[in-house]
Amino acid sequence: MKDIFSIHRSYLACFIFPLVATFAGDADKDCKADGVDCDVKSYYENAAHYDKLWGEGNMGFGFYPHLDPADASRIILDFSQASLGLTERMIETAAIKKGSRVLDLGSGKGLACLAVARQVGAHCTGVDLTPANVARAKEFAELEPDLDVRYFVGSFTDLPTEVLADGLYDVIITRVAFCHVHSLLGEIFGQVKRAMKPGTGRAVINDFLGGDGEVSAATVENVYKRLHFEELKGPISWRRAADDAGLTLMRYEDLNAHIHFGYSQLEAGARKKGISSADGVLLADNYKETVAAVERREVNMNLALYGVL
């Protein structure tokens, strides 16, 4: 990939977790010290279109029941509704129930944790790299004080000690978060295994993937470059990394039809609003090219359930 597109390694950067600067005079020092490309940091600090297009607080993709050929009579959800629908599917897939201890890795602004706690009465802990996301998650949680949720600033590549202080978790959840650091995927799966209860613990993982073959120049330009990815594992290498980490696959779903439909919705919304990327290119055009990348299987999305013996 480096021969096709050269970019500074930014393993803490992510396309839906805008990073927060501290003091303007120390910006370069801070992002370099954190291993984060300064341009990436600036881009996501100024990416204000997510709330406008994805729904307030939403930082994840969705599941669209109408795409199931066995039940095509269902109504078509909008993007934010489908995002909640994917969380509901994860709850069902991992059999999360009242009293379950759940850990959300890359929890963003906390909507998935809130949904888990609200729908089944589980206890949910969220971990996110970005202080601003954690602050916003706590604000959302204050609106529903009866829900048992808590949030920590930290990285899922090296979980904070306080996250594990109360013991291991029944269920690990994560939504399009690991994709930001696929170069460290084996280590991340190791952290998942570390946090799960042995024998009974489960991890339900939704991730944004690349392809297992060559990546076209169009995908590099409109996906890798726009989203500041250096590496995306394809489905085969992604599953191999989980196997090598000692996780046991229990269920695997290809959600390509869902990310294809979701990006098509985003394209229509972005075109209507005339929103541009930070580089001045119409965001709708980027989304259109991402749809084409999904069709070429150069971009994929999954939902996988893992256990650990």
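Reader: What makes Cys113 and Cys124 a disulfide?

Author: In this predicted model, the sulfur atoms of Cys113 and Cys124 are 2.0 Å apart. The cut-off for a disulfide is 2.5 Å, so the pair qualifies. A search of the whole structure finds one disulfide.

Reader: Which parts of the chain does the pair link?

Author: Distant ones: Cys113 lies in helix H5 (residues 111-120) and Cys124 in strand E2 (residues 123-128), eleven residues apart.

Reader: What is the handedness of the link of Cys113 and Cys124?

Author: The link is left-handed, with -75° about the S-S bond.

Reader: Why is Cys113 called buried?

Author: Its relative accessible area is 0%. Buried means under 20%, so Cys113 counts as buried. Cys124, with 1%, falls under that limit and is therefore buried. Cys179 is also buried, because its relative accessibility is 0%.

Reader: Which residues of H9 and H12 meet?

Author: Ala218, Thr219, Asn222, Val223 and Arg226 in H9 meet residues of H12, namely Leu283, Asn286, Tyr287, Glu289, Thr290 and Ala293. By class, the contact holds five nonpolar, four polar and two charged residues.

Notes
Residues numbered from 1 in each chain as written. Predicted model: local features only at pLDDT ≥ 70, side-chain atom pairs only at ≥ 80, totals over all residues. Heavy atoms only, no water. Helix = DSSP H or I, 4+ residues; strand = E, 2+ residues; numbered from the N terminus. Buried < 20%, exposed > 50% of the residue type's maximum accessible area, 1.4 Å probe, protein only. Contact = heavy atoms within 4.5 Å. Nonpolar A, V, L, I, M, F, W, Y, C, P; charged D, E, K, R; others polar.
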